[in-house]
Amino acid sequence: MTEFWLISAPGEKTCQQTWDQMMVATTRTNNLSTNNKFNIPDLKVGTLDVLVGLSDDLAKLDSFTEGVVKKVAQYMADVLEDSRDKVQENLLANGVDLVTYITRFQWDMAKYPIKQSLKNISEIISKQVTQIDNDLKARASSYNNLKGNLQNLERKNAGSLLTRSLADIVKKEDFVLDSEYLITMLVVVPKTSYADWQKTYETLAEMVVPRSTNLLFEDNDSGLFSVTLFRKAIDDFRHKARENKFTVRDFQYNEQEMNADKEEMTRLSTDKKKQFVSHMPGNDEGPLVRWLKVNFSEAFIAWIHIKGLRVFVESVLRYGLPVNFQAMLLQPNKKNMKKLREVLNDLYKHLDSSAAIMVSLFLIIIQQEYYPYVYYKIDCNLLDFK
């Protein structure tokens, strides 16, 4: 269970006292949650109008950023394919696992300077996450095209004998080449009809060379036979073969074309592997995996900073000025989530002023959760494996 509740409550005489009260209520007599302080620096408050507008903007940015984080994580899983068990160990934030990053959260002053206004900080994050989203779309499109082209070639080389590429099956010596009169044709014959083929192929048309058939390849259902005949008999042979449920493949032996197909498949396969595995000494990560790791970390860090901004803004709007609240991160014990909610509601029910009750009724009408304290959920279950 990697769900966290990020909450805040106003400072009593001190913020430490608020923390101590919550700890007593949730851990001393029971085991409802594991708790950590969530450190939010002294941010610039600005005007009430700006805070109200920012509250709505941050909610949208929160949702958008969470979506980008999940998309990068899911794409990491798609790219790693057979190594999906290694996905989680690659989903890190600042080089540590997600739970460690959240529970030891420290504001990144370099990326999100607190001397800037709240609106400016939110715009910095928005631009950063939008850029990651746009880059992901471009990289995903390029990689998916590469993967799709490779899959199409693989399908051509692995399907039924009626449709698959024959380049890796036939050899030059299977054909009569450069003859003005003769041609070698390839026919797909069901396994149940081998005897019929051997009895009838010489009589399917005039001018079929006797004893010229050879079985070149077979799969579970059919065999690929060669047969040599005079060019002028091709149309008649095709027609009679179809009547007997034998399928003539449209195929002309061309060594250059077949080699080009093989080379294209090798190139695509190599290019795909390069995205996953680097050939640089001491570094086994390809550029796509490396990009996904770096930008997952960046997007996740941005997301948790947005949560911090939302807690700050909502706490000021609810609890007023001067800024005096304690942000707290709770990791609920899964079995006691309902009890934890009851304990928190009981602990903070005194925060419900008449104005807050009106807000509560409004939120109930629009079917949105409302609690007497500031509350946001952080769900670290980012992958949707089906």
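1. Helix α10 (residues 337–348) lies across β1, β2, β7 and β8, running at about 10° to β1. Contact here means heavy atoms within 4.5 Å; axes are lines fitted to C-alpha atoms, for helices over the stretch in contact, with angles from 0 to 180 degrees between N-to-C directions. Helices (H or I, at least four residues) and strands (E, at least two) are DSSP runs, numbered from the N terminus.

2. Bear in mind that this is a predicted model: local features need pLDDT of at least 70, side-chain atom pairs count only at pLDDT 80 or more, and totals for chains, interfaces and linings use all residues. Residues are numbered from 1 along each chain as its sequence is written, and side-chain values use heavy atoms, with hydrogens and water left out.

3. The sheet itself is open, with four antiparallel strands ordered β2-β7-β1-β8 (pairing takes at least two DSSP bridges between strands).

4. β2 pairs with β7 (residues 325–332) over five bridges, in the antiparallel sense. Lys-37 stands opposite Met-328 in β7. Helix α1 (residues 15–28) also lies across β1 (3–10), β2 and β7, at about 170° to β2.

5. Now the helix pair: α2 and α9 (residues 287–319) pack at about 155°, axes 8 Å apart. They therefore count as roughly antiparallel (angles over 145 degrees do). Just after α2, Glu-81 takes a positive phi of about 45°.

Note on methods
Parallel < 35°, antiparallel > 145°, perpendicular 65-115°, else oblique.
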